[in-house]
Amino acid sequence: MSLDSDIIVDRRRIRRKLTFWRVMAALIAIAAIAGFALVVTPGARGSFASAGSIARVQIEGLIRSDAERTRALERLENSQAAAVIVHINSPGGTTAGSEQLYDSLTRLKAKKPLVVVVEGLAASGGYITAIASDHIIAQQSSLVGSIGVLFQFPNVSELLKTIGVRVEEVKSTPLKAAPNGFEPTSPEARAALDALVKDSYAWFKDLVKQRRGMDDTQLEKVVDGRVFTGRQAIDLKLIDQLGDEKTAVAWLEEQKGVKKGLSVRDYKLEPRFGDLPFLKAAAAVTLEGLGLGSIAHQIAQTGVAQAVDRVGMDGMLALWQPAASN
């Protein structure tokens, strides 16, 4: 027996209300947990627990411009840390953010012995970060390289045609706000973007050549955008040594005169609000309970902020983006 139209409408209205209150409950729960965390974890910004130790700095995920991170590294310059080990596990990010982080680590290196350990990945902007150090250590199966730059943007012009929407604009010159994603990219706009990418690519290559002491022949072998394993990278001069944090400590003691037996302690850079570990877990569990499993999985893997960043990041990038697995 079929339901009449009034009953169908009522059921749809109830379903919409239920979805709305589920989402509101999730947001309230996450906000409450976050507020509690801010109360019980004061003073966690850029903290170093013990004088005379080796500071461990973690650079993970997408790299973007971050003023708080810069200030935290400046505080580390003036701390009593004997040396710094920078752990990198990053596919890169924006070119500007990677350059900012490179400059911060270069200034830090001028004040304290510094060594980089590639945990899993130092690609594109992650590799720009790594070459701030005079010594790079990676595991045999780590991935490094992806020396290149890209400019990406969504183009929804065909979709707009399909749904019958047209975006109109008045602008001073043809290249103002080009490309905009609402119309096919003109040859002139594409040429302008190509010039930007090539200029940034030349800067990246020159930086690698200078920092890694390569000649032109050696450089050409590594700048086609590929990533290399640690085993390959050591022969290509992209890294200096195979190993892990213990290897880094031994290098600091033997080559930089750091006192033996010092403990290695975490130096926490300012975490972005949505990437606090407990908040990731709380958000994932809450969304899973609401039946939003795919969103929960993304948050569990990358954190709230980076889940959004991965979707919304555009512009000039130094970012390794392998195809997603099914």
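Analyst: Happy to. A word on confidence comes first: pLDDT is the predictor's own confidence in each residue, on a scale from 0 to 100. This is a predicted model, and its pLDDT averages 80 over the chain, with 69% of the residues scoring at least 70. Residues 37-46 fall below 50, and that stretch has ten contacts in the model beyond near neighbours in sequence. Residues 272-279 also stay under 50, although the model gives them 24 contacts beyond four places in sequence. Where pLDDT is low, the predicted coordinates should not be read in detail.

Now for the overall layout. The chain holds twelve helices and ten strands. Of its 326 residues, 39% are buried. Among contacts between residues at least 6 apart in sequence, 77% join residues at least 24 apart. The accessible surface comes to about 18300 Å², and carbon and sulfur atoms account for 55% of that area.

Leaving aside neighbours within four places in sequence, Tyr 127 touches Ala 122, Ile 136, Val 144, Gly 145, Ile 147, Val 208, Arg 212 and Leu 238. Two names on that list deserve a second glance.

Side chains of opposite charge can pair when their charged atoms come close. Arg 212 belongs to helix H6 and Asp 240 to the loop between helix H8 (230-235) and strand E8 (241-242), so their bridge ties together parts that are 28 residues apart in sequence. Arg 212 counts as buried because its relative accessibility is 8%, under the 20% limit. Asp 240, at 32%, counts as partly exposed.

In total there are eleven salt bridges. Another that spans the sequence joins Lys 109 and Asp 134, with the closest N and O atoms 3.2 Å apart. This pair links distant parts of the chain, 25 residues apart: Lys 109 is in helix H3, and Asp 134 is in the loop between H4 and E4. Asp 134 is partly exposed, with a relative accessible area of 42%.

A local pair makes a handy contrast. Glu 68 and Arg 71 meet in a salt bridge at 3.2 Å, N to O. Both lie in helix H2, three residues apart, about one turn of the helix. Glu 68 is buried, at 16% relative accessibility, whereas Arg 71 is partly exposed, at 41%. There is also a network of salt bridges, linking Arg 56, Glu 245 and Asp 266.

Two backbone details are worth a check while you have the interior on screen. Ser 124, in the loop between E3 and H4, has phi near 50°, a positive value in a residue other than glycine. Ser 124 is buried, at 1% relative accessibility. Ser 146 likewise has a positive phi without being a glycine, at about 55°. Ser 146 sits in the loop between strand E5 (143-145) and strand E6 (150-152), and counts as buried at 6%.

Let me end outside, with the surface. Leu 159, Ile 163, Val 165, Val 167 and Phe 182 make a nonpolar surface patch of about 450 Å². One of its members, Ile 163, lies in helix H5 (residues 157-163). Ile 163 is exposed because its relative accessible area is 53%, over the 50% cut-off.

Key
Residues are numbered from 1 along each chain as its sequence is written. Side-chain values use heavy atoms; hydrogens and water are left out. Patches are made of residues with over 30% relative accessible area and no salt bridge: like charges are joined within 9 Å, nonpolar side chains (Val, Leu, Ile, Met, Phe, Trp, Tyr) within 5 Å. Accessible areas come from the Shrake-Rupley method with a 1.4 Å probe; for residues, only the protein chains shown count as cover. A salt bridge is a side-chain nitrogen of Lys or Arg within 4 Å of a carboxyl oxygen of Asp or Glu. Helices (H or I, at least four residues) and strands (E, at least two) are DSSP runs, numbered from the N terminus. Buried means under 20% relative accessible area, exposed over 50%, partly exposed in between (1.4 Å probe, protein chains only). Contact means heavy atoms within 4.5 Å.
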